[in-house]
Amino acid sequence: MPELPEVENVARAMSDALLGKRLDGIRVTYAGALKPTPRKVRSALLGLRLNEVMRHGKYIFLGFGHDVDDVTAQLLLHLRMTGQVFVQSDYRPDKHVHLFFDFEGRVVFYRDIRKFGGFELLDGAPGAAAIPHVGQDMLLISRRDWLLKIGKRTAPIKVLLLNQGIAAGLGNIYADEALHRAGVHPLARPVDLDVKTLARVFRESRRVLRQGIKHGGTTFQDFVDFTGKPGNFRDQLRVYGRTGEPCPVCSGKIVRLKVGGRSSHYCAVCQPE
DNA sequence: AAGATTACCTGAAGGC
DNA sequence: TGCCTTCAGGTAATCT
């Protein structure tokens with residue numbers, strides 16, 4: 001499931017492989033993956049070059065223009081739950097591949113089993129202004145701003161870490177991992193925690209996201225990188241998906257609990273309520 | 001106004 | 001070639 005580290009790896013790979021290349025064609029087998037309509041997207045982008053790849057939280061902005069560095073139109077990409085973007089010369093597309101982008105002969109596939117994700121054409125090049133409900137990127141927000149936004153809240157901290165309006169990028173897996181590393185229970189309320197503890201959650205959130213990026217992301221079920229390979233961070237997970245196993249730090253039992261409708265995994269010993 | 005619930009989809013897993 | 005229910009989790013919309 002793509003969260004910030006997985007999206008960052010996709011963005012970097014797209015940038016490396018496609019920057020400056022001309023978009024010559026788009027084949028569409030599921031129109032819902034290309035908004036507002038495949039026709040309008042083709043009419044706006046065909047013949048233009050990909051001049052910018054920018055990640056914000058779990059979103060990727062793809063900037064297109066006529067000349068070098070010129071950006072006159074943008075595609076906004078979100079992978080949601082099962083979206084995959086990759087280039088693989090020997091790949092045989094299955095029924096879940098919905099889009100084929102032709103960049104000067106190189107084919108980029110968009111595959112999405114659950115069809116939640118996709119691309120959306122933005123008028124002009126609004127960038128982050130197109131997603132005003134999304135807060136600053138979790139890797140860019142200052143500790144001060146983050147503490148101001150979260151410090152007095154009364155909702156469970158797990159829910160707030162997942163709230164993309166406060167800071168963008170953490171998903172269910174990395175949020176559980178960050179809370180374990182910080183030693184904080186997922187139901188803890190920020191208003192009840194001291195600043196030092198909150199600062200630890202902030203630091204560990206950043207750290208686990210950076211480690212995820214370094215390891216090529218986490219593949220639990222569906223994520224693959226730009227070359228179609230799964231990520232390596234799964235081995236580093238300490239609590240997510242390890243219900244019933246011993247905690248790697250203290251050997252306490254890892255338990256699972258629904259928080260805000262989402263499964264949360266934590267160590268009952270390291271993360272007391 | 002924040003928090004809870006539901007919708008969007010498909011596939012895997014497990015009970016019977 | 002079994003049927004049915006539940007679950008997985010990102011986000012928007014719709015409730016309370």
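Predicted model: local features only at pLDDT ≥ 70, side-chain atom pairs only at ≥ 80, totals over all residues.
Student: How far is a phosphate oxygen of DNA strand B from an N or O atom in the side chain of histidine 96?

Tutor: The separation is 3.0 Å. A polar contact here is a pair of N or O atoms within 3.5 Å; within protein, one must be able to donate a hydrogen and the other to accept it, and residues adjacent in sequence count only if both atoms are side-chain atoms.

Student: What is the average pLDDT of chain A?

Tutor: It is 91, and 97% of the residues score at least 70. pLDDT is the predictor's confidence in each residue, from 0 to 100.

Student: Back to DNA strand B. Which residues surround it?

Tutor: Lys95, His96, Ile113, Arg114, Lys115, Phe116, Arg153, Thr154 and Ala155. Near means that a heavy atom of the residue lies within 4 Å. Of the DNA strand B atoms within 4 Å of the protein, 58% belong to sugar and phosphate.

Student: What about lysine 95 and lysine 115?

Tutor: Lysine 95 has a side-chain N or O atom 3.3 Å from a phosphate oxygen of DNA strand B. For a polar side-chain atom of lysine 115, the distance to a phosphate oxygen is 3.2 Å.

Student: How do the residues near DNA strand B divide by class?

Tutor: Three nonpolar, two polar and four charged. Ala, Val, Leu, Ile, Met, Phe, Trp, Tyr, Cys and Pro count as nonpolar, Asp, Glu, Lys and Arg as charged, and the others, Gly among them, as polar.

Student: Now DNA strand C. How many residues surround it?

Tutor: 18, with His78, Arg114, Tyr240, Arg256 and Arg262 the closest. Sugar and phosphate make up 62% of its atoms within 4 Å of the protein.

Student: Which part of DNA strand C does the side chain of arginine 114 approach?

Tutor: A base nitrogen, at 2.2 Å from an N or O atom of that side chain.

Student: Switching topic. What is the strand order in the open sheet of four?

Tutor: The order is 1-7-8-6, with antiparallel pairing. Strand 1 and strand 6 (83–86) are at the edges with a single partner each, so one side of each has no neighbour in the sheet.

Student: Which strands does helix 1 touch?

Tutor: Helix 1 (residues 4–18) packs on the sheet and touches strand 6, strand 7 (97–103) and strand 8. Contact means heavy atoms within 4.5 Å. The helix direction makes about 160° with that of strand 8. Axes are lines fitted to C-alpha atoms, for helices over the stretch in contact, and angles run from 0 to 180 degrees between N-to-C directions.

Definitions and conventions: Residues numbered from 1 in each chain as written. Chains lettered and ligands numbered in written order. Heavy atoms only, no water. Pairing = 2+ DSSP bridges. Helix = DSSP H or I, 4+ residues; strand = E, 2+ residues; numbered from the N terminus.
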